[in-house]
Amino acid sequence: PPTIRLEDYRPSSHLIDRVELDVRLAPHETRITATLALRPNPAGEPGVPLVLDGDDVILLALDLDGQALPPDAYAATPSGLTLHRPPARPFTLRIETQVDPTANTKLMGLYRSNGVYCTQCEADGFRRITYFLDRPDVLSVYTTRIEAERDAAPVLLGNGNPVAAGEAGEGRHYAVWHDPHPKPAYLFALVGGRLDKVATRFTTMEGRDVAVAVYVEPGQEPRADYALGAVLRSMRWDEEAFGRAYDLDVFNVVAVSDFNMGAMENKGLNIFNDKYVLASPETATDQDYANIEAIIAHEYFHNWSGNRVTCRDWFQLCLKEGLTVFRDQEFSSDMRSRAVHRIGEVRTLRARQFPEDAGPLAHPVRPRAYAEINNFYTATVYEKGAEIVRMLSTLVGPAPFRAGMDRYYAQNDGRAATVEDFLDAFAVESGRDLAAFAQWYEWPGTPRVEVEGRYDAAERRYTLRFSQDLRGGAPPLVIPVALGLVGASGPISEATCPEVRDGVFVLDRTSAGLTFTNVPEAPVPSLFRGFSAPVRVEIALSDAERLTLLRHDTDAFNRWQAAQSIAMRLLADRGTARAREAEDAGPAAQAYAEALAAFLDAEALADPAFAALVLGLPGEGDVANEIGSDIDPDAIHRARQSLRRHLGRALGERLSRLRADLTEAPGTPFSPDAASAGRRALRNAALDLIAAADPVRGTALARAQIDEATNMTDRLAALGILSLIPGEPREAALAAFGERYADEPLVLDKWFAIQAAIPEDATLARIARLRQHRAFSMTNPNRVRALIGSFALANPTQFNRLDGAGFTLLAETVEALDRTNPQIAAKLLTNFGSWRRLEPARSSKAGEILARIKAVPGLSRDVADIVARTLS
Ligand code: HT7
Ligand code: ZN
């Protein structure tokens, strides 16, 4: 496929100031009349043909300023419309197209989800509705008339504010929506269907009265209340934290069941995957509630970071996505526990982004080239993009950061901006030169920072030597290191170092040394507090030193990190093919268990959410990432099982007591708040270790919890724990769960996912059976992600089977899916991203299978791009 390059960016030849759309919805023959007010772009190349993008559209009619065009004046294909000699003045183009929403299985453009008409236009779906300059730097004011059969689609929603509605004859009706804010086509949306809503009003800080609603399939309204509340919390927070008010009279959220990603920030009409809207205690876990709140916020925050200020081109995707992830993280931290939330963010970053950055799909946060933009909605653009914004805020400090954000919005409102525009606002407000910092956007890979500490007792001096590696010719990056010193009984606050300001040292050279004076005892350095930069840190600390941090650091993130690092060492040392199970973790594991025991005794009940994180071992994927090469997933699995068992035995009594202490009194009403969720998390983390040590007791406890649970978090956690214990109780529990939730597709997704993750040879056959389940469907992305995605992501021993059968399962799914939904097929295929790091037998199997995929004729651009890069 042709490569699109950042350096080739040129302004559009034409602009489109106004768009009037008349959309007549029908299941197979939807007709769209687009009236476009065009003009030559003063910044564009003059006198060139007008080339409008198209994708799978049929042209029915075309006129220019009311005159039909002669056939030799234009060329139309399903993928584009060219006017050979457009006027050198403003003109109006009227284009009539036809599309088939029912046949649209790609879920891009206009499609039907469970009978509901909806759209998805980012990144390039608008061209599947009408011919257009489908690029984010062409901003237009839209008026949309939507017409449909009243019975099939009593609700008709568009961008902006509703301005008219009425009968259209023959059982049809219409609604007209006007959006006064110029926007790129990727933010266009419409919805038509049978939907019910929960609604309320919100008064902005500017005094605007906004009608807020969440639309769902009829009968689901009670499950939409939490999402509606999250909208209100987001609106208020963006005013308080960033001074951003909502700017329309209406804000609508619509939940649909067939959706390629999580949600979409269309102006005034956010469309959501129903998984991120619908919640009730019976069907949603605490994690679901947290995700809903975060994603509702994320899409809402895009109203400013993405919509009011949009991106000049898709290379700047991180400008809206990284910034908006940072904003939603800050929101969630304010709504919940900041430390607990930060640990969750970093776990996700390390599990998803670090491996991406270490493999063949690595790319800069601002890529320089792409073949298929839909393949660049990645952990790197989103999560590392957010880390860059976080580092920027650490570097310049809170007040200049807020001022920089205000300046960015003021200077770019209604414009399509670049990363340079963003950084410029902070450079002006902070007085800093951010040119070197900007390199974070340009270089792929996770930097490694090596640190060595030396204490001079006689001089009461402590020195730290930092060095960063330079990969592939990269210049030194600007790395904010939040740090402090910790002694045997607490933080050493009297120590000083001139290069450390407000607890932050900025490493901006290849290597640098710091000297702390007035250090009364040998300290343990607490480095990268709060994970102040997305780097790998290498420092030789003993377990005893790490335990000092766990006990005494003031930084909760580093306390957790200290425990994780000890566990990681235990797992990585034993998770190789050479290490045998007999080589039990031994005294080191025993010391770790004792430290955990002391920690739990002192703190578990004071902060159960944090305690649950400290108790949780690194996942098998984390251990594989740590080992880095010659990975043997079976050895890692054995090592982790063995440590779980060891901790379960060592902490057994205590864990049982904890469970009892954390049990809620009967009749306590369910609350999804962070404190309640934290108690459930710790109780379930305790059960996990108890079951690892004593499967018989674990089975009994898990069965009882499944039966007695009053919420999905506890029921599902117990089912997950039981799923790891082979036998009749597990099968009975799985069957009962499947029956109980037979009519709840989102709950069945959890059930698919648990079963796909069972680390046993028989799982492949189980998946084959589940594919035949009446609730499974290859056309619904949630179902595919639940069963096949979870298999690839959460079942390392089976996905990476020596016989290659796991790889084959994924490859066959990708191949089949590519014919209907290439975007989802390509995403699934990214699960091969770490294939070269597997031990040779598995790695060569994966290579063979990838080569087979590459040879399949007629691959989509999406899959062809991923397979080519994965093999490169
Ligand atoms: N901006 C959106 C990204 C997106 C998307 C969403 C749904 C379906 C296909 C999509 N392609 C790109 C979602 C977001 O990050 O907010
Ligand atoms: Zn986003």
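Mentor: Start with the open sheet: eight strands in the order E6-E5-E9-E3-E2-E12-E15-E14, with mixed pairing. Remember that this is a predicted model, where local features need pLDDT of at least 70, side-chain atom pairs count only at pLDDT 80 or more, and totals for chains, interfaces and linings use all residues. Residues are numbered from 1 along each chain as its sequence is written, while chains are lettered from A and ligands numbered from 1 in the order in which they are written.

Trainee: What makes E6 and E14 the edges of the sheet?
Mentor: Strand E6 (67-68) and strand E14 (161-169) each have a single partner strand, so one side of each lacks a neighbour in the sheet. Strands here are DSSP runs (E, at least two residues), as helices are (H or I, at least four), numbered from the N terminus.

Trainee: How do you know that E14 and E15 pair?
Mentor: Pairing takes at least two bridges found by DSSP between two strands. E14 and E15 (residues 172-183) have seven, in the antiparallel sense, so they count as a pair. Ala165 sits opposite Ala175 in E15.

Trainee: Why do E5 and E6 count as paired?
Mentor: Two bridges join these antiparallel strands, and the definition asks for at least two, so they qualify. They form a hairpin with two residues between them, and Asp65 in the turn has a positive phi of about 50°. Asp63 has Ala68 as its bridge partner in E6, and Asp63 also stands opposite Arg94 in E9.

Trainee: Which way do H4 and H5 cross, left-handed or right-handed?
Mentor: Left-handed. That word applies if the near helix is turned anticlockwise from the far one by less than a right angle; clockwise is right-handed. H4 (residues 338-358) and H5 (residues 379-396) pack at about 120°, their axes 9 Å apart. Axes are lines fitted to C-alpha atoms, for helices over the stretch in contact, and angles run from 0 to 180 degrees between N-to-C directions.

Trainee: What makes Gln120 one of the residues around ligand 1?
Mentor: A residue is near a molecule if its C-beta atom, placed from the backbone, lies within 6 Å of it. The shell has 13 residues, and Gln120 is among the closest, with Glu122, Asn260, Met261 and Met264. Strand E20 (263-264) and helix H2 (286-301) each supply at least two residues of the shell.
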